[in-house]
Amino acid sequence: REYRVAASYVAAGLSNTNVGTAWSTVATADPASDIQTGVETLEDNCGCDASELSLIIPRADFREAMRTDAIIEQAKYTFPGIRPALLSKAQFAAILGIKEVLVSRSSYDAAIEGETISMSQLWTAGVMYLTLLADEGDPLEVPSAFRTVLWTASSPELPVVESYREDKITADIVRIRDDTDEVATAETDLMAYSRPRTGGIIALS
């Protein structure tokens, strides 16, 4: 399912805004300022508050942000005694003034079956997404850039795991049903913002 979610963000046609300075330039890059640009854009576009926004950021970019002088300096005063490299997702979110930071770590085998394993990250390194997301169980009236739709007639919960004994083949059969789809809302262009962190980028959605 996460593979489909990541693909939905890529296919959403979000506009992009480069970061001011590549985060690999640790002395002058300012991740918090770059992300704040996206926060203000989404606040203007959909009338939300910064405290409602989520940042989806690849693992490599999260670690790179932690190495910049700007974040190290902010962490020094916001969380005294904490090594910046060990900042948690919640602490980084507090520095940014947003709801949460979601660090993407999932990978998949991009090779054809039978060939040498080639592991790739689901979310492309160098591009992050600032977005408005509803919490699980929130009614449809709550704004959200994307929704997971569950076909309850087939799978009333996520996932449905069934098992039974099949004597004809002398085996226990395990079947998993996860009948869902991921959809962008009509207002996705207002509620998501992507930003590559390499030459300066953010995506607006």
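I began with Arg-175, which is partly exposed, with a relative accessible area of 44%. A reminder to myself: the model is predicted. I then looked for a partner and found that the Arg-175 side chain meets that of Glu-162 in a salt bridge, 2.7 Å from N to O. The two sit in distant parts of the chain, 13 residues apart: Arg-175 belongs to strand β9 (residues 171-177) and Glu-162 to strand β8 (residues 160-166). Glu-162 is partly exposed as well, at 24%.

Next I asked how many salt bridges a search of the whole structure finds. The search gives five.

I turned to Lys-99, whose salt bridge with Asp-135 has its closest N and O atoms 2.7 Å apart. This pair also links distant parts of the chain, 36 residues apart, with Lys-99 in the loop between α5 and β3 and Asp-135 in the loop between β6 and β7 (146-150). I noted Lys-99 as partly exposed at 29% relative accessibility, and Asp-135 as partly exposed at 43%.

Then came Arg-165, which forms a salt bridge with Asp-167 at 3.7 Å, N to O. Salt bridges that share partners join Arg-165, Asp-167 and Asp-172 into one network. Is Asp-167 buried or exposed? I found it exposed, because its relative accessible area is 60%, while Arg-165 is partly exposed at 43%.

Last, I checked helix α3 (residues 59-66), where the buried residues are Asp-61, Phe-62, Glu-64, Ala-65 and Met-66. Their cover includes α2 (31-46), β2 (53-58), α4 (69-78), α5 (89-96), β3 (100-104) and β6 (127-132).

Terms used: Residues are numbered from 1 along each chain as its sequence is written. This is a predicted model: local features need pLDDT of at least 70, side-chain atom pairs count only at pLDDT 80 or more; totals for chains, interfaces and linings use all residues. Side-chain values use heavy atoms; hydrogens and water are left out. Buried means under 20% relative accessible area, exposed over 50%, partly exposed in between (1.4 Å probe, protein chains only). Helices (H or I, at least four residues) and strands (E, at least two) are DSSP runs, numbered from the N terminus. Contact means heavy atoms within 4.5 Å. A salt bridge is a side-chain nitrogen of Lys or Arg within 4 Å of a carboxyl oxygen of Asp or Glu.
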